Amino acid sequence: MNLLKIIGEFNEKKANSRHEESAVRRVNSLLSDETDFIVNEAYKTARTNVMFALSSEKGCKKIIVTSASPGEGKTTTCLNLAIAFAQTEAKVLVIDGDLRKPRIYRHLGLTREDGLSDVLCGMIPLEKAIKHCEKQNLDCITSGQIPPNPAELLSSTEMEQLLAELGQRYDYIFIDT
């Protein structure tokens, strides 16, 4: 069965409606011991393919998850890929780079405050923004305050420097857009 089809069916199956933001859906959409075997295997296959594709890269690998339209499962896919990578004992960081409609904090049960936009604007130190998610064995930087200029922040030299610094600490960085 096609990997993207399996992942797409998983994302559809877990969400009763595009706008529903219930706690049950947020918890159930993340990979866990209760996730269907075929879904777990689909993410593990995706993990293996990404690892193989990036095997010649030296240092930290940065992976951006994006799509053309809202509601296509970017956040769920980004988090589940990050969890699949974290299951290999790799040091994994997820960054909520969606500075307009952030969602990662909800899925992980975190607060949005003290996140990426706050670091990029120099309001807090990086260490304060990194939150550890014990259950998923990964670290996360939430979006922070919603800025008036998200595109400028994400394309700034501060973002470039931040990714370079984080690249020294992590094996993989996943950025949800």
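Two strands are taken as paired if DSSP finds at least two bridges between them, and helices (H or I, at least four residues) and strands (E, at least two) are DSSP runs numbered from the N terminus. The structure is a predicted model, in which local features need pLDDT of at least 70 and side-chain atom pairs count only at pLDDT 80 or more, while totals for chains, interfaces and linings use all residues. Residues are numbered from 1 along each chain as its sequence is written, and side-chain values use heavy atoms, with hydrogens and water left out.

Five strands form an open sheet of mixed pairing, in the order β1-β5-β2-β4-β3. The edges are taken by β1 (61–65) and β3 (130–133), each of which has a single partner strand, so that one side of each is left without a neighbour in the sheet. From one strand to the next the twist averages 25 degrees, where axes are lines fitted to C-alpha atoms, for helices over the stretch in contact, and angles run from 0 to 180 degrees between N-to-C directions.

Strand β2 (residues 92–96) runs parallel to β5 (residues 172–176), to which five bridges join it; three bridges join β2 to β4, and these two strands also run parallel. Strands of a sheet pair through backbone hydrogen bonds, either parallel or antiparallel. Strand β2 is mostly covered, five of its five residues being buried, a term that denotes under 20% relative accessible area, with exposed meaning over 50% and partly exposed the range in between (1.4 Å probe, protein chains only). In a regular strand the side chains alternate between the two faces of the sheet. Both faces of β2 are covered, with Val-92, Val-94 and Asp-96 buried on one side and Leu-93 and Ile-95 buried on the other.

Helix α4 (residues 74–86) touches β1, β2, β4 (138–141) and β5, and its direction makes about 170 degrees with that of β5. Helix α9 touches β1, β2, β3, β4 and β5, and its direction makes about 140 degrees with that of β5. Ala-86, which lies in helix α4, counts as buried at 1% relative accessibility. When residues up to four places away in sequence are not counted, Ala-86 touches Val-92, Gln-136, Asn-137 and Leu-138. The C-alpha atoms of Ala-86 and Asp-139 are separated by 9.5 Å, although these residues are 53 residues apart along the chain.

The 13 residues of helix α9 (residues 157–169) should span 18 Å at 1.5 Å a residue, and its end C-alpha atoms, 19 Å apart, agree with this value; the expected span is 1.5 Å times one less than the number of residues. Met-159, Leu-162, Leu-163, Leu-166 and Gly-167 are buried in α9. Seen down the helix axis, the buried residues of α9 fall within an arc of 140 degrees and therefore line one face of the helix, the arc being that of the directions from the helix axis to the C-beta atoms. The face of α9 turned away from this buried side carries the exposed residues Glu-160, Gln-161 and Gln-168.

The structure holds four salt bridges, a salt bridge being a side-chain nitrogen of Lys or Arg within 4 Å of a carboxyl oxygen of Asp or Glu. In α9, Glu-165 and Arg-169 lie four residues apart, about one turn of the helix, and they form a salt bridge in which the closest N and O atoms are 3.0 Å apart. Glu-165 is partly exposed, with a relative accessible area of 39%, as is Arg-169 at 28%. Salt bridges that share partners join Glu-127, Glu-165 and Arg-169 into one network.

Within helix α3 (residues 37–53), Lys-44 and Glu-41 lie three residues apart, about one turn of the helix, and their side chains meet in a salt bridge (3.9 Å, N to O). The side chains of Lys-128 and Asp-114 likewise meet in a salt bridge (3.9 Å, N to O). Lys-128 lies in helix α7 (residues 126–129) and Asp-114 in the loop between α5 (104–108) and α6 (116–120), so the pair ties together parts that are 14 residues apart in sequence. Lys-128 counts as partly exposed at 48% relative accessibility, and Asp-114 counts as partly exposed at 27%.

Note on methods. Contact = heavy atoms within 4.5 Å.
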